[in-house]
Number of protein chains: 2
Amino acid sequence: MLTKGGCPKNMLSIRDALEALEGRWKMLILFSLSTGPKRFGQIAKEVTGISDRMLSKELKNLEANKLVKREIYSTFPPTVEYTITAHGRSLENVMDALHYWGLAHRKKIMGK
Amino acid sequence: MLTKGGCPKNMLSIRDALEALEGRWKMLILFSLSTGPKRFGQIAKEVTGISDRMLSKELKNLEANKLVKREIYSTFPPTVEYTITAHGRSLENVMDALHYWGLAHRKKIMGK
DNA sequence: CAGTATCCGACAAGATACTG
DNA sequence: CAGTATCTTGTCGGATACTG
């Protein structure tokens with residue numbers, strides 16, 4: 001439940017969250033990784049429409065924010081694997097809420 | 001809980017949600033309105049940093065998406081009041097999740 | 001495969017000034 | 001008070017081409 005009254009305080013944390021999740025890709029990438037570790041190409045395939053460039057940029061940002069972990073394996077050819085961290089996983093509440101709300105919203109707006 | 005497997009389907013609803021909530025202001029405006037109906041100036045004061053222009057634009061967008069309702073009262077001077085709709089209110093789950101996650105994130109990143 | 005480099009357009013958003 | 005108009009800047013993100 002939202003606390004009443006001291007708005008500014010609560011807003012700060014929402015601002016923090018929004019800042020870390022800004023743009024149209026981060027949540028989708030995280031969502032893709034929520035079903036298991038994946039490689040660059042695999043993520044690119046699941047997150048429809050994203051370019052290599054954006055995926056690269058976003059993954060770096062997510063790594064800097066400790067939402068994703070990047071690991072290189074010295075196989076041949078070397079493979080790189082991205083895993084969602086525990087901290088990233090803690091976003092599943094948000095993604096879940098967003099998912100259900102998105103469903104309702106589509107009905108509401110696009111006409112039932 | 002997130003369903004496993006059919007990612008594309010679930011992603012669609014997340015995309016819908018993200019689209020409706022894009023930008024750094026909408027959620028904050030909605031959050032401000034979640035504590036009660038407010039007038040333009042009041043929202044502007046609570047959502048620190050927003051310009052009149054952006055607030056005006058965002059309110060229109062939120063109204064188009066049926067998240068906010070705008071009412072004019074023929075007092076003198078005429079007052080305009082913005083109220084969050086039931087549909088907007090259903091976002092409180094999201095805002096709430098975001099709020100708690102933002103708190104945790106700040107600790108994680110800014111150093112405990 | 002897993003990216004990086006460069007270029008560029010579109011739009012988000014700030015600053016400022018003005019209106020009923 | 002509750003905005004609109006105009007101008008400018010900044011950033012997001014797409015397209016293309018290239019590398020180990």
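B:Pro77 sits in the loop that links E2 and E3 of chain B. This is a predicted model, and in it the peptide bond between B:Phe76 and B:Pro77 is cis, with omega at about -5°. That deserves a second look, because most peptide bonds are trans.

A:Lys66 has a phi near 60°, a positive value in a residue that is not glycine. Its place is the loop between H4 and E2 of chain A. In chain B, B:Lys66 also has a phi near 60°, again positive in a residue other than glycine, and B:Lys66 belongs to the loop between H4 and E2 of chain B. Most residues other than glycine have a negative phi.

Now for the sheets, starting with chain B. Here three strands make an open sheet, ordered E1-E3-E2 and paired in the antiparallel sense. Strand E1 (38–39) and strand E2 (68–73) of chain B are the edge strands; each has a single partner strand, so one side of each has no neighbour in the sheet. E1(B) and strand E3 (residues 79–84) of chain B run antiparallel and are joined by two bridges. Within that pairing, B:Lys38 has B:Tyr82 of E3(B) as its bridge partner. Helix H2(B) packs on this sheet, where it touches E1, E2 and E3 of chain B, and its direction makes about 100° with that of E3(B).

How many of the residues of H2(B) are buried? Eight of the eight are, so the helix is largely enclosed by the rest of the structure. The buried residues include B:Leu28, B:Phe31 and B:Ser32. B:Ser32, which lies in helix H2 (residues 26–33) of chain B, has a relative accessibility of 0% and counts as buried; the cut-off for that word is under 20%. Apart from its neighbours within four places in sequence, B:Ser32 is in contact with B:Lys38, B:Ile43, B:Glu46 and B:Val47, and also with A:Met11 from chain A.

B:Met11 has contacts that reach over to chain A as well. This methionine is part of helix H1 (residues 7–21) of chain B and is buried, with a relative accessible area of 2%. Setting aside its neighbours within four places in sequence, B:Met11 is in contact with A:Leu28, A:Phe31, A:Ser32, A:Glu46 and A:Val47.

Chain A has an open sheet of its own, with three strands in the order E1-E3-E2 and antiparallel pairing. Strand E1 (38–39) and strand E2 (68–73) of chain A are at the edges with a single partner strand each, so one side of each goes without a neighbour in the sheet. Six bridges connect E2(A) with strand E3 (residues 79–84) of chain A, and the two are antiparallel. One spot to look for is A:Glu71, which stands opposite A:Glu81 in E3(A). Helix H2 (residues 26–33) of chain A lies across E1, E2 and E3 of chain A and runs at about 100° to E3(A).

What about the DNA? There are 16 residues around DNA strand C, and those that come nearest are A:Arg39, A:Ser56, A:Lys60, A:Arg70 and B:Arg53. Of the atoms of DNA strand C that come within 4 Å of the protein, 67% belong to sugar and phosphate. Several arginines show this side of the contact in detail. An N or O atom in the side chain of A:Arg39 is 2.4 Å from a phosphate oxygen of DNA strand C. For A:Arg70, a polar side-chain atom lies 2.5 Å from a phosphate oxygen of DNA strand C. Chain B takes part through B:Arg24, which has a polar side-chain atom 3.2 Å from a phosphate oxygen of DNA strand C.

Which elements supply this surface? At least two residues each come from helix H3 (40–46), helix H4 (52–64) and E3 of chain A, and from helix H4 (52–64) of chain B. H4(A) gives the largest share, four residues. Sorted by class, the surface near DNA strand C has eight charged, five nonpolar and three polar residues.

Terms used. Residues numbered from 1 in each chain as written. Chains lettered and ligands numbered in written order. Predicted model: local features only at pLDDT ≥ 70, side-chain atom pairs only at ≥ 80, totals over all residues. Heavy atoms only, no water. Pairing = 2+ DSSP bridges. Contact = heavy atoms within 4.5 Å. Axes fitted to C-alpha atoms, helices over the stretch in contact; angles between N-to-C directions. Near = heavy atom within 4 Å. Polar contact = N/O pair within 3.5 Å; in protein donor to acceptor, adjacent residues only side chain to side chain. Nonpolar A, V, L, I, M, F, W, Y, C, P; charged D, E, K, R; others polar. Buried < 20%, exposed > 50% of the residue type's maximum accessible area, 1.4 Å probe, protein only.
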